[in-house]
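Please open the model in your viewer and keep the selection tool at hand. The stops below are meant to be followed in order, selecting each residue or element as it is named.

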Amino acid sequence: MVFSSAFDAIKRGLARTAAAVGAGLRSVLHGRTLDDALLDDIETRLVAADVGIAASREMVSALRAEFRAGRVCKGEDALEFLKKAMKARLAGATPVRPGIAVTDARPAVVLVVGVNGVGKTTSVAKIAKSIRDSGRSVLLAAADTYRAGAVAQLTIWAERLGIEIVKGAERADPAAVTFDAAQAAIAREVDVLLIDTAGRLHNASDLMRQLVKIRDVVRRVIPGSPHETLLVLDATSGQNAIAQARSFHDAVEVTGIFLAKMDGTARGGVVIAIHDSLQIPVKLIGVGERPEDVQPFDAGRFIDAVFAESATTIPA
Ligand SMILES: Nc1nc2c(ncn2[C@@H]2O[C@H](COP(=O)(O)OP(=O)(O)O)[C@@H](O)[C@H]2O)c(=O)[nH]1
Ligand SMILES: [Mg+2]
């Protein structure tokens, strides 16, 4: 999958988190010598950035041990230590090929799930554009027949991007729409079928069952599918995102996470909390509302962007 991955674009998308974490830590550590109060301050800042309580405590404990042993004293060295600790923590988080699963299956099926308003439909448009831009054909399935206006929203994206869409009537059975779309994907020999679904609270069991039905229907028409079940999480929703991931994973076996709205939060440290608590890789991050505002997740680049020297301005 081809995504524009200019480092500047990542930095722009992560500016709020970088201001809070990288620039924030730099401002308190610059020219200082470590002491206990400063170590506590660091831990508070990491927790505030949603890094997670356990991860924040562990990294600061390790730093404290280095300090006590006399190996790290200067603020600048502490900053380097934390950057390395975060990278180490995320080691193994980046798949060999960043981005969503590249499969030889044709049609490859990507099922997109998540609670209301997290950014599913927008993320579907982003993925569709990037696949299309890489020279492969895409078909969209408008399987969110639940919310009024949802089909229209995806239709607008399809028209704007020049991508085909299969839809049913509002309130139509989403599994029936999925069935039609899967058959159309085979008949039209498209490379990728992207299924947008209705948002549901992760504890709404009837809607979860409906999602399982959608998954089962597409699997029946296209054996071995879905090849990717992408859970969209809102980066601004903090630790609640982890509870959502657990429920969706129980229902439909999530294979990857699309972490949307990274541009809108100073709490991008949630990537570390997600990696710590779930065995599901973050594959893509959403960094804006436009279809090009998507980046494959790469742990090293992510931490570099969060600690980048120039990343101190927050876009309007
Ligand atoms: N800033 C920002 N907004 C986003 C991003 N992704 C989605 N949104 C916005 O979030 C809102 C809900 O998105 P939508 O795709 O309709 O969510 P859905 O209900 O899960 O399908 C819309 O206003 C989107 O423009 C993102 O990466 N960054
Ligand atoms: Mg939607």
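This is a predicted model: local features need pLDDT of at least 70, side-chain atom pairs count only at pLDDT 80 or more; totals for chains, interfaces and linings use all residues.

Residues are numbered from 1 along each chain as its sequence is written, and chains are lettered from A and ligands numbered from 1 in the order in which they are written.

**The ligand**

**The core**

Next, select V110, L140, A141, L193, L194 and I195, which touch the most other members of the largest nonpolar core, a set of 100 residues. Such a core is a set of buried Ala, Val, Leu, Ile, Met, Phe, Trp, Tyr and Cys residues joined through C-beta atoms within 7 Å; a residue is buried if 20 or more other C-beta atoms lie within 10 Å of its own, exposed if 12 or fewer, and partly exposed in between. The largest share of this core, 7 residues, comes from helix α2, residues 15–29. Stay on V110 for a moment: leaving aside its neighbours within four places in sequence, V110 is in contact (C-beta atoms, placed from the backbone, within 7 Å) with several residues, including I100, I127, L194, I195 and L230.

**Helix α10**

Now select residues 240–252, which form helix α10, and compare the ends: at 1.5 Å a residue its 13 residues should span 18 Å, and its end C-alpha atoms are 19 Å apart, which agrees. The expected span is 1.5 Å times one less than the number of residues. Which residues of α10 are buried? They are A241, Q244, A245, F248 and V252. Seen down the axis of α10, these buried residues fall within an arc of 100 degrees, so they line one face of the helix; the arc is that of the directions from the helix axis to the C-beta atoms. An α-helix has 3.6 residues a turn, so residues three or four places apart point the same way. Among the elements that cover the buried residues of α10 are β1 (108–113), α9 (205–221) and β5 (228–234). Just after α10, look at E253, which takes a positive phi of about 50 degrees.

**Helix α12**

Select residues 299–307, helix α12, where A299, F302, I303, A305, V306 and F307 are buried. These buried residues pack against α1 (7–13), α2, α5 and α11.

Most residues other than glycine have a negative phi, and most peptide bonds are trans. Go to the loop between α3 and α4, where you will find D50, which has a positive phi of about 70 degrees although it is not a glycine. D50 is buried, with 28 other C-beta atoms within 10 Å. The loop between α3 (36–48) and α4 (53–68) also holds G52, which counts as buried with 24 C-beta neighbours inside 10 Å. Leaving aside neighbours within four places in sequence, G52 is in contact with I272, A273 and D276.

Then move to E189, in the loop between α8 (174–187) and β4 (192–197). Is E189 buried or exposed? With 10 C-beta neighbours inside 10 Å, E189 counts as exposed, and its phi is near 55 degrees, a positive value.

Finally, select R106 and P107, which are joined by a cis peptide bond with omega about -5 degrees; P107 sits in the loop between α5 (75–89) and β1. The peptide bond from S225 to P226 is cis as well, with omega near -10 degrees, and P226 has its place in the loop between α9 and β5.

Methods: Helices (H or I, at least four residues) and strands (E, at least two) are DSSP runs, numbered from the N terminus. Two residues are in contact if their C-beta atoms, placed from the backbone, lie within 7 Å.
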